[in-house]
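Subject: Structure for your review

Dear colleague,

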Amino acid sequence: MRPAGLPPCSARGGGDPVDAQGRGSRLVDVGTPIRHPLIDDVTSHVVRVDSRARVVRLSAPLADLLGRGRSRRRIVLVTGEASRLTVGARAALVGAGAAWAVHDDHGGLRDGLTGSPWADLDSAGTSAEPDVGDQAAEAGRAAVVQEAVGTAAQLSVDLTVLHRASHDTSLGGAVELLAEAVAASQPDRWGETEPLRRPWDRWVLTQHARHAAPELVRIVVEGPHLSGTVTARVTEHGIEETTALTLSVPTEGEGEVDGRDGDAVDAAVSRLAAALSDIARTSLPTFALVVARRGEPDRSVRAVTYPQPNPVLLLIGAPSVARLGIEATSIPVPRGVSVVGRPRLPALVVPLGDASTSGWEALHDTLEAVGPDRVADMVSGGPPESWHDDLDDPDSPEEARPGAP
């Protein structure tokens, strides 16, 4: 029974004011009739949420709070240095425009994702990018961030695929193809909150997104060698599915380049390039970027300094190739650009770097060749108007998609 005088908790959060770690939370009025049980404090700039958990997961109460929409106060998750975020928690924080503040052992406060120091908690809610004066003031007391140890080779893939709004559209196929290419594995569970309780099933996932439409749907997916999110939203062009995966690269300890498992990474990148070619042939991807990196073996994120990530592959989808008039010969990269997809709907796979070669210069040159003012169109633009009939054609790529129901 609730003690007299306490306001009711969120209908979605439910229960007594106890957070995901089982501790009590102070209820603070944030200007709405319903007070959320996770909120520990409210200032003029931020809504503070404290956690002492070693692993901060996207619990149902945290997902509920982050899903309530942005306001003039920024949600700030406050942890110690020993805490780490799951891929799902990090994606939800970034998607909600929230911040991760870390108290270090020296009494300092910093951004857990960038390492930038903050004078106090309100600094996390005033501006995402400090001005030059602020940067000069902070330079004298830069946060001390330890370097990551015991990291593992990983590939991060961000891929957007456009589906037509049809009863036979199926989501999740890209997750399976990418996971198989890198680690010869498959996802095994998914859910909107963690821990993930639903066994992997593309049909069930698609029905879940269908019933939620037109609202944006973001789910978390896990497997033996992968962690990531799948986002589906309805646009004027159809259904846009965005897959963001962190994939562990299987290594056996040989062929290392500066301790970075070079041969295994390069082999996985080669298999990913073939998988992206298949995706371009059987569906309509609009953009993809593959980055090689070092990360935690469990693919979580800690507030430490990781080695510089390295872009290795870029996919420019058929919509951008057609709409922007991009030619493979116009992209100045050392290795040849591959024309993939269907003859009528060509896409481009651009090799950028490898385990021993930085891809940043090649990525910069590619974007310059496309045109800086047209990059946003390349990333998020839909197909040309003339393609809408093609998307509804029985011979369209959607019908040839592997695993389509």
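The notes that follow describe the fold, the pockets, the cores and several individual residues.

Please bear in mind throughout that this is a predicted model.

Overall fold

The chain has 405 residues, of which 51% count as buried. Its secondary structure comes to 11 helices and 19 strands. Among the contacts between residues at least 6 apart in sequence, 65% join residues at least 24 apart.

The largest pocket has a volume of about 1200 Å³. Its lining is made up of 42 residues, and those nearest the centre are Arg90, Ser156, Thr246, Arg293 and Val301. Several elements each supply at least two residues of this lining: helix H2 (87-95) and the strands E7 (109-111), E9 (152-163), E13 (226-235), E14 (238-248), E15 (285-295) and E16 (301-302). Strand E14 gives the most, with 6 residues.

In soluble globular proteins, nonpolar side chains tend to be buried together. In this model, the largest nonpolar core has 46 residues, and Leu155, Leu159, Leu178, Leu272 and Leu276 have the most contacts inside it. Helix H7 (residues 262-282) provides the largest share of this core, 10 residues. A second, separate core has 25 residues, including Val47, Leu85, Val102 and Val301. Val301 is also among the residues nearest the centre of the largest pocket.

Not counting residues up to four places away in sequence, Leu159 touches Ala174, Leu178, Glu241, Thr242, Thr243, Leu276, Ile279, Pro285, Phe287, Ala288 and Leu315.

Arg299 is found in the loop between E15 and E16. Arg299 counts as buried because its relative accessibility is 9%, and the cut-off for burial is under 20%. The side chain of Arg299 makes a polar contact with the side chain of Ser248, at 3.1 Å. Leaving aside neighbours within four places in sequence, Arg299 is in contact with Val87, Gln154, Glu222, Gly223, Pro224, His225, Leu226, Ser227, Thr246 and Ser248. Thr246 in this set is also one of the residues nearest the centre of the largest pocket.

Asp64 lies in helix H1 (residues 60-66). With a relative accessible area of 3%, Asp64 is buried. Asp64 and His36 are 28 residues apart in sequence, and their C-alpha atoms are 8.9 Å apart in space.

Backbone features to check

Most residues other than glycine have a negative phi, and most peptide bonds are trans. The following places depart from that pattern.

- Arg299, described above, has a positive phi near 70 degrees although this residue is not glycine.
- Ala184 is also not a glycine, and its phi is positive at about 50 degrees. Ala184 lies in the loop between helix H5 (173-183) and E10. Ala184 is exposed, with a relative accessible area of 59%, whereas Arg299 is buried.
- Glu194 and Pro195 are joined by a cis peptide bond, with omega about 5 degrees. Pro195 is in the loop between strand E10 (189-191) and strand E11 (198-199).
- Ala213 and Pro214 are likewise joined by a cis peptide bond, with omega about 10 degrees. Pro214 is in the loop between helix H6 (202-212) and strand E12 (217-223).

Yours sincerely

Conventions
Residues numbered from 1 in each chain as written. Predicted model: local features only at pLDDT ≥ 70, side-chain atom pairs only at ≥ 80, totals over all residues. Heavy atoms only, no water. 1 Å grid on protein atoms, 1.4 Å probe; cavity = no way out; pocket = protein on both sides within 12 Å on 5 of 7 lines; lining within 4 Å. Points joined across faces, edges and corners; volume = space filled by probe spheres on them. Helix = DSSP H or I, 4+ residues; strand = E, 2+ residues; numbered from the N terminus. Core = buried A, V, L, I, M, F, W, Y, C linked by side-chain atoms within 4.5 Å. Buried < 20%, exposed > 50% of the residue type's maximum accessible area, 1.4 Å probe, protein only. Contact = heavy atoms within 4.5 Å. Polar contact = N/O pair within 3.5 Å; in protein donor to acceptor, adjacent residues only side chain to side chain.
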